[in-house]
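Here is a colleague's note on the model below. Please read the points in order.

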Amino acid sequence: PTSPHVVVRCAHNTLDVSLDVSLDEAVDRALDGVALERGEDTPPAAAASSSSSAAHDLCALEREWRSAGYDLNARWALMKRLWTLETSRAGLSLDEWNLGWHSAKSYVGITYMYDDRGDIFVSKYLCLDPEFDNAIGCLRHELAHALAGPTSADHGTGFRAACETLDVPAAWRSATTGAFYSRPAVQMMWAKHDVQETLRGGKFATLPELLYEKTIWSAPVNGERTVYTDDETNTTIDAFQMYALVCAAEEEEAQRQNAS
C-alpha cells in the first residue's frame, strides 16, 4: 500500500464562474504561460496553431456539455476528454496523473500526491453541473496543486503561481467551503438523479466503482492506496490500470459478439 504525501481539497462559494476575457484569449494566455514556465522557445506560428486548436476543443466540449443535459454517463465522458486536454495543457503526463470521481458533498475536487505522481478526484455532482466553466475551474485548481507540488496544500505562493500559469478562474483559486452544494434548483436535480440512480442499482450504476475515490484510497489522511497483485506473475497494478484492462476485455468481447 502507498500512503499519500499530501491531500488537498477544493470547494468553492462562487457558482457561476465566468472568465473576464473571451475563451480564445484565455486559452492563448494560458498556453503562453505554460510555454514560458517551461522555458520553451515555441515558434509563433506553432504556438498560434496550438492555441487555436485548444480553444476550438474547449468550445466544442462546452457545446456538448450543454447538449448532454443531466446525463451523467455522457457528462463523465466529456469530463475525461476535458481532463486529457487540461492535463496536457498543464504539461503533466497522463501516465503519472489519474482522474477518478467521488460522491461527497463537502468538497468538489481532491488531489492525492505520492511518489511524484497523483490521483485527482472530482465530484459526480460537478459532472452534473449546468455550468461548464465550473468543470474547467475545478480541474485547473487541482492541476495547479499538481504543478506546485505537495507544499501547495496551504494554497500559498507556489499554488498561486501555478494558478496564474494555468489561468485558473479567480473564483476557483479559493479553498473555502461555500455554496456549491447549496443551490436549491440544482439540489433538486441532484436529488432526482440520486433517486433514479438508486433505482437502477446504486451509486455505481453509472460511474465505474474502480475509479471511485474510496475504492482507491482508504482515507484522505494517512490512507492506503489499493493495488491488485496477480499471484501467478506477481505483477502489481493499481485500480486505474485494472479499469483499463476491464474496459479492454469488454471491448474485445463486444467485438467478438458482433463478429459472430
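**Notes on the predicted model**

1. The chain's secondary structure comes to nine helices and six strands. Both are DSSP runs numbered from the N terminus: helices are H or I with at least four residues, strands E with at least two. This is a predicted model: local features need pLDDT of at least 70, side-chain atom pairs count only at pLDDT 80 or more, and totals for chains, interfaces and linings use all residues. Residues are numbered from 1 along each chain as its sequence is written, and side-chain values use heavy atoms, without hydrogens and water.

2. Of the 260 residues in the chain, 45% are buried. Buried means under 20% relative accessible area, exposed over 50%, partly exposed in between (1.4 Å probe, protein chains only).

3. Helix α5 (residues 132-148) packs on helix α6 (residues 157-166) at about 120°, and their axes are 8 Å apart. Axes are lines fitted to C-alpha atoms, over the stretch in contact, and angles run from 0 to 180 degrees between N-to-C directions. The two helices, α5 and α6, are therefore oblique to each other. Oblique covers what is left after roughly parallel (under 35 degrees), roughly antiparallel (over 145) and roughly perpendicular (65 to 115).

4. Which residue in the loop between α6 and α7 (184-200) deserves a look? Asp-167 lies there. Asp-167 is not a glycine, yet its phi is positive, about 55°. Asp-167 is buried, at 8% relative accessible area.

5. Asn-222 sits in the loop between α8 (213-216) and β5 (227-230). Its phi is also positive, near 55°. Asn-222 counts as exposed, at 70% relative accessibility. Most residues other than glycine have a negative phi.
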